[in-house]
Amino acid sequence: MEKYECPCGYIYDPEDGDPDNNIDAGTAFKDLPDDWVCPKCQAEKEFFFEAD
């Protein structure tokens, strides 16, 4: 599964999920809830891009 990066530098890694926001490890970026936002800067999913 691909990692996605926010313009602020936060990287969403599906292997880790986002436990602080009840997102289980193994959750693909495309499967995140529509209202999920960057835990660091609150940017919406549409601003993320695929990380290298």
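This is a predicted model: local features need pLDDT of at least 70, side-chain atom pairs count only at pLDDT 80 or more; totals for chains, interfaces and linings use all residues.
Biologist: What radius of gyration does the chain have, and how does it stand against that of a compact globule?
Modeller: The C-alpha trace spans about 25 × 20 × 15 Å along its principal axes. For 52 residues, a compact globule would have a radius of gyration near 10 Å, and the chain agrees with this, because its own value is 10 Å.

Biologist: How many residues make up the largest nonpolar core?
Modeller: Buried residues account for 37% of the 52 residues in the chain. The largest nonpolar core includes Tyr4, Cys6, Tyr12, Trp36 and Phe48. One of its members, Tyr12, is in contact with Tyr4, Ile23, Phe29, Leu32, Trp36 and Phe48, among other residues beyond four places in sequence.

Biologist: Is Asn21 buried, partly exposed or exposed?
Modeller: Asn21 lies in the loop between strand S2 (11-12) and strand S3 (49-50), and its C-alpha atom is separated by 8.0 Å from that of Pro39, 18 residues apart along the chain. Buried means under 20% relative accessible area and exposed means over 50%; because Asn21 has a relative accessible area of 38%, the residue is partly exposed.

Biologist: How far apart are the mean positions of the positive and negative charges?
Modeller: The chain carries 4 positive and 15 negative charges. The distance between their mean positions is 2 Å.

Terms used:
Residues are numbered from 1 along each chain as its sequence is written. Side-chain values use heavy atoms; hydrogens and water are left out. A nonpolar core is a set of buried Ala, Val, Leu, Ile, Met, Phe, Trp, Tyr and Cys residues joined through side-chain atoms within 4.5 Å. Buried means under 20% relative accessible area, exposed over 50%, partly exposed in between (1.4 Å probe, protein chains only). Contact means heavy atoms within 4.5 Å. Helices (H or I, at least four residues) and strands (E, at least two) are DSSP runs, numbered from the N terminus. The radius of gyration is taken over C-alpha atoms; the globule rule is 2.2 Å times the number of residues to the power 0.38. Lys and Arg count as positive and Asp and Glu as negative; His and the chain ends are not counted. The place of a charge is taken as NZ of Lys, CZ of Arg, CG of Asp or CD of Glu.
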